[in-house]
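Have the viewer open as you read.

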Amino acid sequence: MTSEAMTARAEMGPSGAFAAKLSNESFLSLFMVGVLLALFAVACVFVPNFYLPRNVINLLTNYWYVIILGIGVTFLLVTGHFDMSVGGNVALTGVVCAWACQAAGTSPNELANGLGLPYGAALALALLCAAGVGAVNAFFIVRLKVPSIIVTLGTMMLSRGLAQVITRGAQRNTSLPDVFGVLGNTFLPGTSLKVAVLIMVLLVAAAFALERSTVAGRITYLIGANAEAARLSGIKVNRHLTALYLLSGLLAGITGILLASEFKAGVSSRASGYEFDALVIALLGGVSISGGFGSVLGMFVGAIILSVVTSAATGLLLSPDWQFTLKGVVTFLAILAQRFALDRRRA
Amino acid sequence: MSATELSSGPYREAALRVAVKNLYIYVVLLLIVAGFSLVRLGEVELFGPGHFLSPDSLINMLRTSAPILTVSSAFTLLMIAGYIDLSVGSAMSLTAVIFALLVREGAPFALAFAAAAALGVGLGALNGFLVMRLRITPVIATLVTLSLYKGSALLIVPSGLSAIKGRPGRPMPAWINDYSRAEVLLGLPWAFYIALLVIAALVVVQRRTLVGRYAAAIGGNRTAAELSGIDPVRWVWGLYVVVGLCAALAGAARASYMSLGDPLSGDGMELDCIIAVLLGGTAFAGGEGSVGKTAVGALIIVCVTTGLMTVIPAFWQTFAKGSVLIGAVALNQLLTRDRPKLA
């Protein structure tokens, strides 16, 4: 905001001063919370039992996997880059984790034989693969300066393709050790929430702290605002972007491991479309591809909005085919509304 | 400079680089065709049934290549201007569904075809509106429309069915296949020749008309183009419309080929287009490119996809396609590396 605008607002009195202190990002996050509450109210009117606490908890937690993916996608989007490979990455890590855990050489069925590694080693291998996908992304995007949309679509196909190769197009769910299903199916004591939800909350909190209070977080926004200026200011842009792609890969890896554990199977078709959902929730949350703008909290609110919309659609007995149209329309309206709100604010 | 100076050192190197850049794609195509021709020579005889180069196989490949040839040509022009359209696959599916629906409900070919084309123009116009008027980033805008078009196609098909096909009492007329399958010349159908026509037209547009020049100008430096009096909004909007129209032609061809309207039939077309354009040497940021080379790139993709189907199991296909894309990216980088990179 320009200094004149700030002075003008400060002169408006106490409420004006508060409004001026609110950064554009916080304003947009609050705006989207308002949109969320409005949508929730409308849904409660039309969908029976929508307001029940049990349903509200569901709304807040059932997209936990997209939110974890959304963290990485949000940070990259803030710098002006895409990561569409997360869905394939999730599938790959789940499949690798399952394959590594399967007992070695015990069965004539090719799909029942694995590497026979202990669970810890399997986790490490899976996370290594996830980071590997991120590294490939980083190499082409940062080193060769190829547009991120093209590269990450390619790595999406590569990682999903690799998952399909390892599972021969199906899934690996036999001869898995019992410990495989623990992470994804343990409930938090006293609640009906899975451990994965807690992990999601912790990661979002850490990401928020990162974006607000750490140098690394602020560097991300600087790169998004003007990469060349950031570079000239001494920021190692290439190193930072590489780190962000590795982070996004690792987050996808964590999600893949949790999902594979929850369903006790490594499925090659898992997470189909999740990369698009992660992008949608970031956009709904006000993250802008240009200008280094947006917040992880906004992304979280965006995820809840998407959750409300899709749950309401299911509750109204709309067929699953409505999902695509709904997501497209909602994203489009959100982009317009955010631009309108920001333009009004700046006026 | 004298002839002897021109044939020495750095000039020869530069000339060699230019020659490689212009010819590599034909070499790649040749190698791929040769590769697939040799691979199963032990089991099938050369040009005999089952061989890659047998007349049946070639005709089949070219018949299925009509959609990608049409769309990738228009896609090239758009990418030369520095813009992208990720919704072409969904636009193709939607127009295929509408075409099949109209044909089944009794519309003659001309009407159904014209309606599909008009729809394509509309879809392209919407894309252009979002990108140029509302100034939404092309990737995000076209991902939104991808979702919209795909969703619309899925909703038009009654739930419980996978596609628009013949119903009891309302069968799909047999002539729907004629456009994409009936032999017109050399065993190839109308759809293929229309695709060739589109490619020829767009090659001329790109190389000899103002549209092509303006596209390259906008892609090279949009601000400079604007200051020179070129209105990017109008021209790029037009390019989006052309892409939409070509997607519709491809959709009609696909529906005709399969005798049904499958709302998922166009999935992945945008990726194929990107690969074709990259193989053809169009730079990512725009400013240069060639419709002709993209068409060769599209042929390469068709050869690779068809050829691989006989050589590797189905579950390797996605990985193979991803490798081709990454390979095309790396190749494209090598080719366009000597272009000055603008900030």
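Phe332(A) sits in helix H16 of chain A. Keep in mind that this is a predicted model. Is Phe332(A) buried or exposed? It's buried, because 20 other C-beta atoms lie within 10 Å, and 20 or more is what the label asks for.

Skipping neighbours within four places in sequence, Ile257(A) is in contact with Thr93(A), Gly94(A), Cys97(A), Leu123(A), Ala126(A) and Leu183(A).

Here are the two C-alpha separations for these residues.

| Pair | Apart along the chain | C-alpha separation |
|---|---|---|
| Ile257(A) and Ala122(A) | 135 residues | 9.7 Å |

Helix H13 (residues 237–263) of chain A packs on helix H7 (residues 119–143) of chain A at about 145 degrees, and the axes are 7 Å apart. Their crossing is right-handed. On the H7(A) side, the residues that meet H13(A) include Leu123(A), Ala126(A), Ala130(A), Gly134(A), Ala138(A) and Ile141(A). Among their counterparts in H13(A) are Asn238(A), Tyr245(A), Gly249(A), Gly253(A), Gly256(A) and Ile257(A). Sorted by class, the residues of this contact come to 16 nonpolar, 8 polar and no charged.

Over to chain B, which has 14 helices and 0 strands. So how does its radius of gyration compare with the globule rule? At 21 Å, it is close to the 20 Å the rule gives for 343 residues, so chain B is as compact as a globular protein of that length. The C-alpha trace of chain B spans about 80 × 60 × 35 Å along its principal axes. Some 48% of the 343 residues of chain B count as buried. Take the contacts in chain B between residues at least 6 apart in sequence: 77% of them join residues at least 24 apart.

Inside chain B, helix H9 (residues 210–220) has Gly212(B), Tyr214(B), Ala215(B), Ala217(B), Ile218(B) and Gly219(B) buried. What do those buried residues pack against? Four helices of chain B: H3 (55–80), H8 (190–208), H10 (222–227) and H11 (232–258).

The largest nonpolar core has 206 residues, and Val71(B) and Leu78(B) touch the most other members. H11(B) gives the most to this core, with 16 residues. Leaving out residues up to four places away in sequence, Leu78(B) touches Tyr83(B), Ile84(B), Asp85(B), Leu239(B), Tyr240(B) and Val243(B).

Last stop: where the chains meet. Here 36 residues of chain A are in contact with 31 residues of chain B. On the chain A side, helices H8 (148–166), H14 (274–284) and H16 (322–346) each supply at least two residues. H8(A) gives the most to that side, with 12 residues. By class, the side of chain A that touches chain B has 22 nonpolar, 9 polar and 5 charged residues.

Terms used:
Residues numbered from 1 in each chain as written. Chains lettered and ligands numbered in written order. Predicted model: local features only at pLDDT ≥ 70, side-chain atom pairs only at ≥ 80, totals over all residues. Contact = placed C-beta atoms within 7 Å. Nonpolar A, V, L, I, M, F, W, Y, C, P; charged D, E, K, R; others polar. Buried ≥ 20, exposed ≤ 12 C-beta atoms within 10 Å, placed from the backbone. Axes fitted to C-alpha atoms, helices over the stretch in contact; angles between N-to-C directions. Left-handed = near helix turned anticlockwise from the far one by under 90°. Core = buried A, V, L, I, M, F, W, Y, C linked by C-beta atoms within 7 Å. Rg over C-alpha atoms; globule rule 2.2 N^0.38 Å.
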